[in-house]
Amino acid sequence: MPTRWSETENVLWKAPVPGRGHASPTVVGDRLFLATADEVAEIQSILCYDRRDGHRLWKIDVHTGGMERKGHQKSSQASATVASDGERVFCNFLHDGAIYTTALGLDGRRLWQTKISAFVTHQGFGSSPAVYQSLVLVSTDNKGGGLVAALDRRDGKILWQQSRPKQPNYTSPAVLNVAGRDQVLVAGCDHMSSFDPLTGERLWEIEGSTTECVGSIVTDGELVFASGGYPDKLTLAVRGDGSGEIAWRNSVQTYVPSMLVYDGHLYTVTDGGVAFCWEAATGKEIWKARLGGTFNASLVLVGDRILAANQEGDTFILKATPAQFELVAKNHLGEDVYATPAVCGGKIYLRVAERAGEKRQEWLYAIGDASK
């Protein structure tokens with residue numbers, strides 16, 4: 001992975017992205033998939049690019065009309081990242097007052113579409129689908145009462161569902177192996193909740209977390225970690241064995257980005273641009289440092305390096321080490337960045353927006369070692 005780039009350095013290609021969205025790019029073989037929306041024409045779409053040279057292979061319009069105009073300024077009409085099982089791509093959109101999950105073939109053919117639940121908008125919708133074995137898992141937390149549901153990835157039939165509290169929340173379901181078993185974990189709605197991914201059985205649930213979370217739960221295999229949000233500002237570590245024990249908590253608020261765990265330590269960058277390293281088992285603060293800017297994108301671990309992209313277009317590369325805070329590099333690209341970088345095959349794929357006066361144009365960049 002390169003550590004230096006700019007508009008003129010180590011750019012392998014750049015491709016225009018029509019419309020607007022905060023979804024991250026998803027790599028599937030030699031293809032890149034991206035959700036986007038034309039907010040004027042009210043069209044929500046999936047784009048497919050050839051990741052070797054950036055040319056667009058196809059654009060499929062998933063929904064037309066019925067676009068929700070309420071919501072937070074940081075929300076978009078295409079905030080959920082596409083998931084794939086290698087044969088199909090799955091996308092979530094809020095359309096006409098409900099959440100729909102749609103499956104497309106890698107060639108863009110529509111395979112199925114399923115309405116998951118009605119949705120009452122508070123700040124917006126951004127929960128991404130997750131693939132587990134033969135299932136696609138989705139969550140639709142909202143003030144009207146949503147679901148965590150599992151769909152058959154072949155035909156979209158809902159195989160199980162669990163109702164959720166009538167509270168606004170924005171997290172994506174995380175399928176993690178904790179305490180020796182696979183679990184679907186969701187934070188928010190004032191709880192941390194665990195479900196069996198195959199049956200939907202509620203494995204455990206404790207009061208904790210806070211009402212509104214955005215980032216996904218992460219784990220070290222024994223503890224699960226969540227952060228939010230509103231109204232409480234907290235970072236929380238809970239034992240994932242169903243004992244209900246809270247191992248530790250603090251008042252650091254990482255609302256939008258997801259954290260990450262590496263080699264016994266928990267790393268985060270808060271929305272306000274402060275990086276932390278904690279001892280995962282105890283919550284002991286090892287170091288903190290101010291990066292600056294506003295952060296929406298989640299952290300990405302590549303080897304022992306952490307990528308952290310802020311809204312202003314700065315991507316920081318940090319060393320994932322408890323020894324001390326170490327900034328490896330800082331690079332600037334774009335002026336309005338919400339999407340988390342995708343990294344594959346030594347290349348970094350960045351969705352950024354650039355402005356020229358009142359005009360805003362999104363781009364998909366491929367960053368790599370240009371000398372090769």
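This is a predicted model: local features need pLDDT of at least 70, side-chain atom pairs count only at pLDDT 80 or more; totals for chains, interfaces and linings use all residues.
**Cores**

I started with the largest nonpolar core, which has 16 residues; Phe-33, Ala-35, Ile-46, Trp-58, Val-82, Cys-91 and Phe-93 touch the most other members. My rule for a core: buried Ala, Val, Leu, Ile, Met, Phe, Trp, Tyr and Cys residues joined through side-chain atoms within 4.5 Å. Buried is under 20% relative accessible area, exposed is over 50%, and partly exposed is in between (1.4 Å probe, protein chains only). Strand 3 (31–38), strand 4 (43–50), strand 5 (56–64) and strand 7 (88–95) each give this core at least two residues. I take strands (E, at least two residues) as DSSP runs numbered from the N terminus.

Residues are numbered from 1 along each chain as its sequence is written, and side-chain values use heavy atoms, with hydrogens and water left out.

Next I looked up Trp-58. Leaving aside residues up to four places away in sequence, its contacts (heavy atoms within 4.5 Å) include Phe-33, Ile-46, Cys-48, Leu-104 and Asp-107. I also found a second, separate core of 15 residues, with Leu-176, Val-178, Ile-206 and Ile-217 among them.

**Cysteines**

How many disulfides are there? I count 0, taking a disulfide as two cysteine sulfur atoms within 2.5 Å. For Cys-344, the nearest cysteine sulfur is that of Cys-48, 14 Å away. Cys-344 is partly exposed at 26%, whereas Cys-277 is buried at 0%.

I traced an open sheet of 4 strands, order 6-7-8-9, with antiparallel pairing. Two strands pair if DSSP finds at least two bridges between them. Strand 6 (83–84) and strand 9 (110–118) are the edges, each pairing on one side only. Strands 6 and 7 are joined by 2 bridges, and Ala-83 has Phe-90 of strand 7 as its bridge partner.

**Salt bridges**

I get 21 salt bridges, with a Lys or Arg side-chain nitrogen within 4 Å of an Asp or Glu carboxyl oxygen. Glu-354 bridges to Lys-14 at 3.9 Å between the closest N and O atoms. Glu-354 sits in strand 31 (347–356) and Lys-14 in strand 1 (11–17), so the pair ties together parts 340 residues apart in sequence. Is Glu-354 buried or exposed? Glu-354 counts as buried at 16%; Lys-14 is partly exposed at 37%.

Lys-59 and Asp-61 meet at 2.6 Å, N to O.
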